[in-house]
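Good morning, and thank you for joining this group meeting. I would ask you to look at the sequence and the structure as they come up, and I shall then take you through selected parts.

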Amino acid sequence: MALKLDSKIPAGPLADKWSNHKAAIKVVSPANKRKLDIIVVGTGLGGASAAASLGELGYNVKVFCIQDSPRRAHSIAAQGGINAAKNYQNDNDSVYRLFYDTIKGGDYRSREANVYRLAEVSNLIIDQCVAQGVPFAREYGGLLANRSFGGAQVSRTFYARGQTGQQLLLGAYAALNKEIHNGTVKSYPRHEMLDLVIEQGEARGIIARNLVTGEIERFGAHAVVLATGGYGNVFFLSTNAMASNGSAAFQCYRKGAGFANPCFTQIHPTCIPVHGTQQSKLTLMSESLRNDGRIWVPKNIEDVKALRAGTKKPSDIAEEDRDYYLERRYPAFGNLVPRDVASRAAKERCDAGFGVNETGLAVFLDFKTAIARLGKEVIKQRYGNLFDMYKEITDTDPYEQPMQIFPAVHYTMGGIWVDYNLMTTIPGLYAIGEANFSDHGANRLGASALMQGLADGYFVLPYTIGDYLSHKIQAPKVKTDTVAFDEAEKAVRAKIEKLLSINGNQSVDDIHKRLGHIMWENVGMARTKESLTTAIKLIAELRKEFWKDVKVVGTADSFNVELEKAIRLADFLELGELMARDALNREESCGGHFRTEHQTEDGEADRDDENFVYAAVWEYKGMDNEPELNKEALNFEFVHPAKRNYKD
Amino acid sequence: MNFTLKIWRQKDAKSKGGFQQYKVTDISSDTSFLEMLDILNNSLVHEGKEPVAFDHDCREGICGMCSLHINGHAHGPEQGVTTCQIYMRQFPDNSTITVEPWRSTAFPVIKDLVVNRGAYDQILQAGGYVSVRTNSVPDGNAIPIPKADADESMDAAACVGCGACAATCKNGSAMLFVAARVSSLAKLPQGRVEGIRRAKAMVAKMDELGFGNCTNTGACAAECPKKISIAHIARLNREFLSAKLKD
Ligand SMILES: Cc1cc2nc3c(=O)[nH]c(=O)nc-3n(C[C@H](O)[C@H](O)[C@H](O)COP(=O)(O)OP(=O)(O)OC[C@H]3O[C@@H](n4cnc5c(N)ncnc54)[C@H](O)[C@@H]3O)c2cc1C
Ligand code: FES
């Protein structure tokens, strides 16, 4: 059975679509809202803002997260900033320009209407956060300050030092606390969703595991909102927090939700290089550093050798012997090209042998010019905490010597397919934030994930969910003692028992590292038909090995981190394969998806607008069966997909 | 490098815990403290033993999840870092390292090194917010805020809610945590509107939850991984005093 992919994009001029749609959709009266239950899974920017706003409206909300407090969701780690089309800098920014940059940055693989709406509500987000007491950076005149991010020629990024995600999340968490205090929201920290429950084809609730006691609990609701973040940890090493996972999304995929563009992964250009085999995660150095930092490698291979041998320091290499390769290749955007372009350019130099550390997998990010121009104090003001962080980790002082950086897995543009209302292919199930696929196409611009999470949660979902719930006002409270709940719980228990009973020879981490290696080598920054076919085979084998040979110690009915990790890895072992299949199907290069077979003469991504202007939406057909491909055609009514040009 | 670890093991909240000794060998000096525990845990799993439970998530000093008492100090002897930001090069080779959970009656142990910090959430739920609804707000630039005030607000807002302050305080007081939130909002015009009500509600909740009194020893600020200044406690006291006077 093919998926029904009705994007529900409203008719009319681009700038009027959202207003028209809001006017057309149904609302629920306050008296009826009180009778309706909503489950929000996840407390990052998407989940926290949605749960708080839905609570304010009067719905009964239950909100879940894995961490011990909603405040610790992975969004907390975002550093650089959040975009909005305020035009406070008077540099000719506008809603249209933000829309255009985002569509172009995503390499014309996202929906015009969604992206336009995102740009349209971006300004409200800033107002909202300021009112909540988010201490954004200010100018001396007391007004809000901005910085620039990649893929834009205007300065539209709002920030709170290097801790923007933290401050925005604390704002959303405060709004959530207000509603918890008011009694509209109930919080369930240390609870992990393990399955979605469906009745009569509609989402009715979830099965969750209490991570402290191990109890399996049932929760019913009239709608379920998935705000569970991205799945970058399929690569084992990524900039994501350790508990970030793709399981909740994958459970919904198994139950019939379409999974769109799973191969669109963002590899971030500025991360601290890998240092050894025992490393557990990678640390991002914010993109904001590219405002003032210049990226280079030596021009001469002798200098590279001297650097690796330690006979030369970077500062010994003369200006004319440095290759500022981004400035050379992309004069118009220079160091501020989008992430996919910057990452591939670093890979190109390192592949050519110019990597500057022992592993050959690093380039320099240098602040020498900026320090000379602005003084050390200004640089410290702007990036002090990032410089400190770098020094702590690497034991080198970036005020004295350039940073060493290398690309790392960072963000997943792909995710659960949603329509314009953010509803998945399962009625009553919504997906917001990084968990959905909707706004970033094949590449996300910096500072727009925070924008999207908060747009979805504060300003889109609270309206669109009413349209569905207006049909539920007569519906009684969802009962959890039904056959559907029984079966879902039984399946969850059986899976846990199975995992605990295997008692093999490899730990969960052993196998996860091997999966990560397969993914990075074959489904990473450059993909080929051959590498992807290999990946599909290797992952299927590894998955079989996992189910025969994993060793999960501890019990089901206690606090058991190994079990939590095993459950997540079981899903990654299917998701990784799905990513490879999607990448294999997409015979073009676009954004973060680079197929070596499809490149221009000068090594740029070669997009195929004849054949691939669609979102690839996959439908589950069983663990060892090939999933079915469905296509949502992307219609460009207002912008013409042009070749991305960051050169002039 | 090689280390002997004395680690607190405790099956669950009800059981009595105790120290157990482990050896880890061949650890590279660039390994982080938590990666060292990963290595230990991986070998425990291979031996069929239960790994040591500890909290962590972001591993870059921002989520506030990691919470270990190392060699007698919250987040280890080094100042201004969280547990996940400690590297093995900071410990002498072949030394013995003692690892305990937070010790505070308000943070009961869940298992091994994992504690329940729900009390901090409850304090914030009592009033640690500005009561604005989604969408009923003025333009972001309608309220100019002097840069110095915004910066000071940000200094206080850097608190990660890890619990090191209460775990360090000999009275088990959560005053630095409460003060950081009160102060961060009090520095901004948006937050001032409910300033007094907020301070009163949060302090009352803190008392109700069994946190101790602040006697200004300053131990909390010394161990705070985000170097939150004790001056915020003075500001909280002022807010609180004016709240009392208005009663
Ligand atoms: C280091 C770093 C820096 C970044 N910097 C920026 C930046 O400067 N600007 C920008 O725009 N973007 C940035 N990003 C991206 C951005 O932070 C994320 O895309 C965004 O925060 C995701 O928010 P979210 O609400 O979708 O999900 P998350 O914040 O990831 O939250 C997921 C939530 O779901 C919960 N959850 C997951 N699975 C389950 C389950 N099964 N059961 C129950 N709960 C579950 C988790 O506990 C958590 O509460 C950065 C990302 C990283 C890694
Ligand atoms: S793990 Fe997040 S602060 Fe240490």
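I begin with a sheet in chain A, where four strands are arranged in the order E16-E10-E18-E19 to give an open sheet with antiparallel pairing. At its edges lie strand E16, residues 415-416, and strand E19, residues 628-633, each of which pairs on one side only. Please bear in mind throughout that this is a predicted model.

How many bridges link E18(A) and E19(A)? Strand E18 of chain A covers residues 614-619, and six bridges hold its antiparallel pairing with E19(A). Within this pairing, Ala615(A) is placed opposite Glu632(A) of E19(A).

Helix H7 of chain A runs over residues 247-254 and is mostly covered, with seven of its eight residues buried. The buried residues of H7(A) are Ser247(A), Ala248(A), Ala249(A), Phe250(A), Gln251(A), Cys252(A) and Tyr253(A). Just beyond H7(A), Gly256(A) adopts a positive phi of about 120 degrees.

Now to chain A as a whole. Its secondary structure consists of 17 helices and 19 strands. The radius of gyration of chain A is 24 Å, close to the 26 Å that the globule rule gives for 648 residues, so the chain is as compact as a globular protein of that length.

Of the 648 residues in chain A, 68% count as buried. If we take contacts in chain A between residues at least 6 apart in sequence, 75% of them join residues at least 24 apart. The accessible surface of chain A amounts to about 21,500 Å², and carbon and sulfur atoms account for 50% of this. As for charge, chain A carries 78 positive and 82 negative side chains, and the centres of these two sets are 3 Å apart.

Finally, chain B. Here five strands make up an open sheet in the order E2-E1-E5-E3-E4, and the pairing is mixed. Strand E2, residues 18-24, and strand E4, residues 73-74, are the edge strands of this chain B sheet, each pairing on one side only. Which way do E1(B) and E5(B) run, parallel or antiparallel? Strand E1 (residues 3-9) and strand E5 (residues 96-100) of chain B run parallel and are joined by four bridges. Thr4(B) stands opposite Thr96(B), a residue of E5(B).

Notes
Residues numbered from 1 in each chain as written. Chains lettered and ligands numbered in written order. Predicted model: local features only at pLDDT ≥ 70, side-chain atom pairs only at ≥ 80, totals over all residues. Heavy atoms only, no water. Helix = DSSP H or I, 4+ residues; strand = E, 2+ residues; numbered from the N terminus. Rg over C-alpha atoms; globule rule 2.2 N^0.38 Å. Buried < 20%, exposed > 50% of the residue type's maximum accessible area, 1.4 Å probe, protein only. Contact = heavy atoms within 4.5 Å. Areas by Shrake-Rupley, 256 points an atom, 1.4 Å probe, with all protein chains shown as cover. Lys, Arg positive; Asp, Glu negative; His and termini not counted. Charge placed at Lys NZ, Arg CZ, Asp CG, Glu CD. Pairing = 2+ DSSP bridges.
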